[in-house]
Amino acid sequence: MIIRVGLGSCGIAAGGNEIYNYLHKNIHDKQWSIDIEPTGCIGMCYLEPLIDVVLDHGVIYTYGNLNPEKALDIVEHHLLNQNPLQDYLVACSNEANQGLEGQVRVALQRCGIINPESIDDYIYSQGYLALEQVLSLTPEQVIVEIKNSGLSGRGGAGFPTWFKWEATREEKIPVKYVICNADEGDPGAFMDRSLLEGDPHTVLEGMTIAAYAIGAAEGIIYVRAEYPLAIKRLEIAIEQANNRGFLGTNILGSPFSFQIIIKQGAGAFVCGEETALIASLEGERGMPRLKPPFPSQKGYWGLPTNINNVETLANVPWIIRHGGESFAAMGTDKSKGTKVFALAGKIKRGGLIEVPMGISLRDIIYDIGGGIKEDKQFKAVQLGGPSGGCIPAALLDTVVDYESIKKTGAIMGSGGMIIMDESTCMVDIARYFLHFTQDESCGKCVPCRIGTKRMLEILENICAGKGTPGDLDRLETLAAGIKSSSLCGLGQSAPNPVLTTLKYFRPEYEAHLEDKKCPAHQCKALLTYFIDPKRCKGCTLCVKKCPAQCISGQVKEVHVIDQEKCIKCGNCLEVCPTKFNAVVVD
Amino acid sequence: MKYCCGEQQDTQSSRSEFEPLTDIIARFKEEPGSLIPVLQKAQELYGFLPIPLLNHIATELKIKKAHVFGVATFYAQFRLEPVGKFLVLLCQGTACHVNGSDRIEAALTEELKINIGETTPDTFFTLDSAACLGCCSLAPVMMINGQAYGPLTPDGARKTIREIRQKEEGKEGEPR
Ligand SMILES: Cc1cc2nc3c(=O)[nH]c(=O)nc-3n(C[C@H](O)[C@H](O)[C@H](O)COP(=O)(O)O)c2cc1C
Ligand code: FES
């Protein structure tokens, strides 16, 4: 019997380590013949901490929402009478996996299944077979296979991967680099992190294949310092691969040699942009430069460099093993294969999913994600983070492919998918993203540095009830200017969250501007809290909790809020017992 | 401006103060473009990057002081001020924002009586923000010295801080 404990960052945050240590100690003390292993994130983050009980005949029971005692209880039940404990059972591999229905796993095929710190687990699940296969092909043949697959960059722009590989290969300078972009900067997205934590070898294998195709001898993984677990697992994986001859000189006895090193990013969103990333690797401030020349022509230290995203590279070994056509068989006319998304926000089953291109947003949100938390009204889904946009309910049948999503004004992005319900204010969301981009703008070009600041000021004013007529036009003019004249993708896409919310939720902006009301009850300055005299029973809870001491009233008397003094903290609403519901906000 | 690159002269004493860094600098000296890893290692050692330390690194790596200062202030990871014993990182990622992280921020700033980016006078707590701590399904989330807390309520966040403070004060009050 094997116990697998989900120890991705999400599992650890929910208490996975405590479970692992507790079970480990018990197994050791009681001398049970059970193996216990860590594994990565299976994607069902909403059920963490999770454990799998893998019985000797291969049936897997998955349990969720655990604590150490419950986990031990489960193990004992299985051990003593081979019985699953129904109370916490999430799925059994004999049944259709709840929450994994509708998904197709290519990049994530091993995440949450293998022990990411064991190269044997990786090899046992057909790992490094693709690399072996590739070494008997010519680099040109490898590029053709990737071309046939239709794989395009998963880092956001969706550029055909084979094209970048070929362009770098064709450069005459013999010293070339492969860089894996693991700087995942979208706030609210964690696809690349989960992949690196759950299956680091697949990224190393993808990189090595890319290096072979391009003719590079050195590779760099640029990973955020905020991902310590991913870095640790990558370090382990690189060492193991070196020891087994999958990396290093004369890989698997061939003339091909390739090294990978890790460099840690130091926390700057703009460093996800490839030219800024290169500047950062060279020890400079992470400021982008104009393209062309593209990194494939002049990259790291001015040498030809191919930069790919983590997920892009994770697809490569699968494509080689199954053939480009199998990958191209999934998806739509122009967008092939699968895409990983990080589902979060007001969604019931938040976590990591991988779906075939061409699936509709509705299917993702309602079938896979289980719908909106507390069955509230769906309002919008945000794709592409600070560079993307909000797609409204009317467009829920939009399918996931690069073209269809672009048509809505959003972008596919790297895979962050935030679900919003009726209680989310779209003006506030626009303000939130502009605050982010304004803060992260590197300051090199004027339209981005000053333009985003001006847009943010207008949005802050609107949210504070200080908007003036003409603000929306000013926002649109600024947006057009910033989009067309910024130096890099950060500025060029920064206005998208504002433009899409203006396009689909204009009445909400107008309510803020003209009526000085926030329909979603989020913008503090526009709210009024008052106490319904018919419902107030005079329990004094709110009086005690008010930090501004602006609620008057004795026990069993109707309380009143002094609007002049109210600081709109919302404490009264929070403490008013649900049986009274006397505090009303408008 | 609070800092000036020329403020401190290199002296023998500052040399010995930075003794622990010698190996690191020796390792990276010959590698071009290694300023960022050196700063990262230095911060690991010292907890933060005081100006004399930056100047020392500049001299050793033969890079302009202004350049070192420019890089150190560009990246969010580098701190030029010391951090408190407990680093409270409040997630301000999109998922946490949608789930009400501003109310947690209000509660924390009120409880700690400092703003984001500041340290309490007793140097127990530094409050800072982060863009996605990677446990969005627990949103809203904060992380204190690597341990994640979530889903938070304003009261829950206050309570966590109070418990840590009580424990610490208990420790300080103990007879030695
Ligand atoms: C502001 C900005 C941030 C970016 N952040 C990332 C990122 O975090 N991860 C990533 O893979 N690509 C990011 N990109 C895209 C990269 O510049 C580049 O297109 C990508 O790494 C190429 O890999 P791919 O072709 O495999 O997608 C960003 C681009 C911009 C403009
Ligand atoms: S947005 Fe807060 S943990 Fe991801």
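Is Arg165(B) buried or exposed? Arg165(B) is buried, at a relative accessible area of 19%, where buried means under 20% relative accessible area, exposed means over 50%, and partly exposed lies in between (1.4 Å probe, protein chains only).

## Basis of the model

This is a predicted model, in which local features need pLDDT of at least 70, side-chain atom pairs count only at pLDDT 80 or more, and totals for chains, interfaces and linings use all residues. Residues are numbered from 1 along each chain as its sequence is written, chains are lettered from A and ligands numbered from 1 in the order in which they are written, and side-chain values use heavy atoms, with hydrogens and water left out.

## Layout of chain B

Chain B contains 8 helices and 4 strands. Helices (H or I, at least four residues) and strands (E, at least two) are DSSP runs, numbered from the N terminus. Along the sequence the pattern of chain B reads α-α-α-α-α-β-α-α-β-β-β-α. Of its 176 residues, 50% count as buried.

## Paired strands in chain B

Strand 1 (residues 86-91) and strand 2 of chain B run parallel and are joined by 6 bridges. Two strands pair if DSSP finds at least two bridges between them. Within this pairing, Cys91(B) stands opposite Ala130(B) of strand 2.

Strand 2 of chain B spans residues 125-130 and is mostly covered, with 5 of its 6 residues buried. In a regular strand, side chains alternate between the two faces of the sheet.

## Salt bridges within a chain

Over all chains, a search of the whole structure finds 33 salt bridges. A salt bridge is a side-chain nitrogen of Lys or Arg within 4 Å of a carboxyl oxygen of Asp or Glu. One of them joins the side chains of Arg233(A) and Glu117(A), at 3.1 Å from N to O. This pair links distant parts of the chain, 116 residues apart: Arg233(A) is in helix 10 (residues 228-243) of chain A, and Glu117(A) is in the loop between strand 5 (89-92) and helix 4 (119-124) of chain A. Arg233(A) is buried, with a relative accessible area of 3%, whereas Glu117(A) is partly exposed at 25% relative accessibility.

In chain B, the side chains of Arg165(B) and Asp122(B) form a salt bridge at 3.9 Å, N to O. Asp122(B) counts as partly exposed, at 35% relative accessibility.

## A salt bridge between chains

The side chains of Asp155(B) and Lys545(A) meet in a salt bridge of 3.3 Å, N to O. The pair crosses between chains, from helix 8 (residues 154-173) of chain B, which holds Asp155(B), to helix 22 (residues 541-545) of chain A, which holds Lys545(A). Both ends are partly exposed: Asp155(B) at 33% relative accessibility and Lys545(A) with a relative accessible area of 29%.

Salt bridges that share partners join Lys545(A), Glu110(B), Asp155(B) and Arg158(B) into one network.

## Surroundings of ligand 1

Ligand 1 is surrounded by 18 residues, the closest being Gly155(A), Lys164(A), Asn181(A), Asn309(A) and Thr312(A); a residue is near a molecule if one of its heavy atoms lies within 4 Å of it. An oxygen atom of ligand 1 lies 2.8 Å from a polar backbone atom of Gly155(A). For Asn181(A), an N or O atom in the side chain is 2.9 Å from an oxygen atom of ligand 1. A polar backbone atom of Glu274(A) is 3.1 Å from an oxygen atom of ligand 1.

Taken alone, ligand 1 exposes 620 Å², and the protein buries 89% of that. Accessible areas come from the Shrake-Rupley method with a 1.4 Å probe; for residues, only the protein chains shown count as cover. Strand 9 (305-309) and helix 19 (489-493) of chain A are the elements that give two or more residues to the shell. The largest share, 3 residues, comes from strand 9 of chain A.

Technical notes. A polar contact is a pair of N or O atoms within 3.5 Å; within protein, one must be able to donate a hydrogen and the other to accept it, and residues adjacent in sequence count only if both atoms are side-chain atoms.
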